[in-house]
Amino acid sequence: ASDVIFDFDTHPGTATGGGTDYTDISAKYTISAGVFQTTIAVNTTSETMFENDEVMSVTISSTLNATISISNNTGTIQNADTEPGLYIDDLSFNEETTGFFMVSLSEVSALDAVFTWITYDNLDAIEGTDYTASSGQGTIPAGSLTTSISVIALPLDTLDEPNEQFTLSLTGVSDVTPVDMESVGTITDNDGPPNLYIDDLTIVEGDTGHMMVSLSAISGLDV
């Protein structure tokens, strides 16, 4: 009986050697005479980024005392990291400006984090009057932590009025775990209060005088 000797080599696929995803192997191995099999350990690299499973290939060649039946096969390195969490911050911004809502991940991912978003009225701001209703799809690219969504506050009034609010909601996520998916947008009034005036009055004694109190402009608040 004779030992079986063969060359064993690893090759990159979607997985990269050189210690990035696994440690390369290119060496001779032996199955001793009288033994049915041997085991070859391929060391993988521990990472902290969420990613797809990755594949590599292995080959055997240059055998001695055996005939090759299957010369190559595939090894799959399974992802062991959890999806990052997705968050959106609340935002306050002035009338007549564009607000940029920050959307962020809890940690960097090796995959694009994709989501859809929409604004809607469920508080006191009114779309088309106080802000421009909008919706769309957003992406935090692989390797990045943040992106932003822009919403325009409309300059349709000059009233001194309370701050007004609307909701921006994230939906339809991919390759990310939803954590904080709703944001409150506060449109800050930037109109100053009106001036208050009282008119002079001349009346005859014994009569009732009516003194006129007036504002310099109409207000959205009781004065």
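**Strands and sheets, term by term**

Me: What makes up the secondary structure of this protein?
Reply: The protein has 0 helices and 15 strands; helices are DSSP runs of H or I with at least four residues, strands are runs of E with at least two, and both are numbered from the N terminus. This is a predicted model, where local features need pLDDT of at least 70, side-chain atom pairs count only at pLDDT 80 or more, and totals for chains, interfaces and linings use all residues. Residues are numbered from 1 along each chain as its sequence is written, and side-chain values use heavy atoms, leaving out hydrogens and water.

Me: How do you know that β8 and β9 pair?
Reply: Two strands pair if DSSP finds at least two bridges between them. Strand β8 (residues 113-120) and β9 have 6 bridges, in the antiparallel sense, so they meet that definition.

Me: Which strands does β1 pair with?
Reply: β1 (residues 4-12) runs antiparallel to β2 (residues 26-31), with 6 bridges, and antiparallel to β3 (residues 54-64), with 7 bridges. Asp 7 stands opposite Lys 28 in β2, while Ile 5 has Leu 64 in β3 as its bridge partner.

Me: What makes a residue count as buried, and how many do?
Reply: Buried means under 20% relative accessible area (1.4 Å probe, protein chains only). Of the 223 residues, 29% count as buried.

Definitions and conventions:
Buried means under 20% relative accessible area, exposed over 50%, partly exposed in between (1.4 Å probe, protein chains only).
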